[in-house]
Amino acid sequence: MGMELEARDVAPRLATGVFILNSGLSKLRADQETAVGVHGMACIAYPFLKKLDAQRFTRLLAWSEIAVGGTLLAPFVPTRLAGAALTGFSAGLVGLYLRVPGMREPGSLRPTQTGIPLAKDFWMLGMGIGFLGAGSPRGGRSTNRCPWHRCGRR
């Protein structure tokens with residue numbers, strides 16, 4: 001792909017990658033009680049996951065987090081590719097936030113105290129979507145022009 005990592009992408013990739021990688025590494029050591037809790041919450045949002053054993057699900061989730069975190073941290077991985085991984089992963093987490101009862105104020109997207117830890121997944125989704133737009137959309141050099149002005153203002 002040949003795209004170099006741009007300086008503006010380093011900080012969000014580093015911060016998000018370390019956060020997700022740490023979460024995955026922590027889940028690798030999850031005991032049965034933790035695995036049942038993680039699996040139970042996921043099953044509320046995504047009932048098809050009930051088919052999986054809680055320990056197996058938690059290990060698969062852990063390895064997924066390690067893969068996404070590693071992708072974000074690897075400087076040789078193009079930002080668009082890292083953004084695709086982050087977008088897909090965080091979209092699933094946003095689904096948890098939207099579907100699990102008690103995470104949001106009734107009739108609102110505003111988080112409850114319980115939902116605040118999941119509400120951060122919207123930030124990760126926003127970063128992932130932003131990373132998808134990295135580089136020039138036409139494969140040439142970036143113009144740094146404002147995308148909302150057709151007049152070419154910078």
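The structure is a predicted model, in which local features need pLDDT of at least 70, side-chain atom pairs count only at pLDDT 80 or more, and totals for chains, interfaces and linings use all residues. Residues are numbered from 1 along each chain as its sequence is written, and side-chain values use heavy atoms, with hydrogens and water left out.

The protein chain holds six helices and zero strands. Helices (H or I, at least four residues) and strands (E, at least two) are DSSP runs, numbered from the N terminus. Along the sequence the pattern reads α-α-α-α-α-α. Of the 154 residues, 37% count as buried. Buried denotes under 20% relative accessible area, exposed over 50%, and partly exposed in between (1.4 Å probe, protein chains only). Contact is defined as heavy atoms within 4.5 Å. Among contacts with a separation of 6 or more, 63% link residues 24 or more positions apart.

The largest nonpolar core contains 24 residues. Such a core is a set of buried Ala, Val, Leu, Ile, Met, Phe, Trp, Tyr and Cys residues joined through side-chain atoms within 4.5 Å. I20, L49, L72, L86, F89 and L96 touch the most other members. Helices α2, α3 (54-73), α4 (79-99), α5 (116-119) and α6 each supply at least two residues of this core. The largest share, six residues, comes from α4.

L49 touches H39, A42, C43 and F57, not counting residues up to four places away in sequence. L96 is one of the contacts of M41, together with V100, M103 and L118, when neighbours of M41 within four places are left aside. The C-alpha atoms of M41 and L96 are separated by 7.8 Å, and the two residues lie 55 residues apart along the chain. M41 is found in helix α2 (residues 32-45). Its relative accessibility is 28%, so M41 counts as partly exposed.

Two packed helices are described by the angle between their axes and the distance between the axes. The axes of α1 (residues 7-28) and α6 (residues 121-132) come within 11 Å and cross at roughly 135°. Axes are lines fitted to C-alpha atoms, for helices over the stretch in contact, and angles run from 0 to 180 degrees between N-to-C directions. The two helices are therefore oblique to each other. Angles under 35 degrees count as roughly parallel, over 145 as roughly antiparallel, 65 to 115 as roughly perpendicular, and the rest as oblique. D9, P12, R13, T16 and I20 in α1 meet M124, M127 and F131 in α6.
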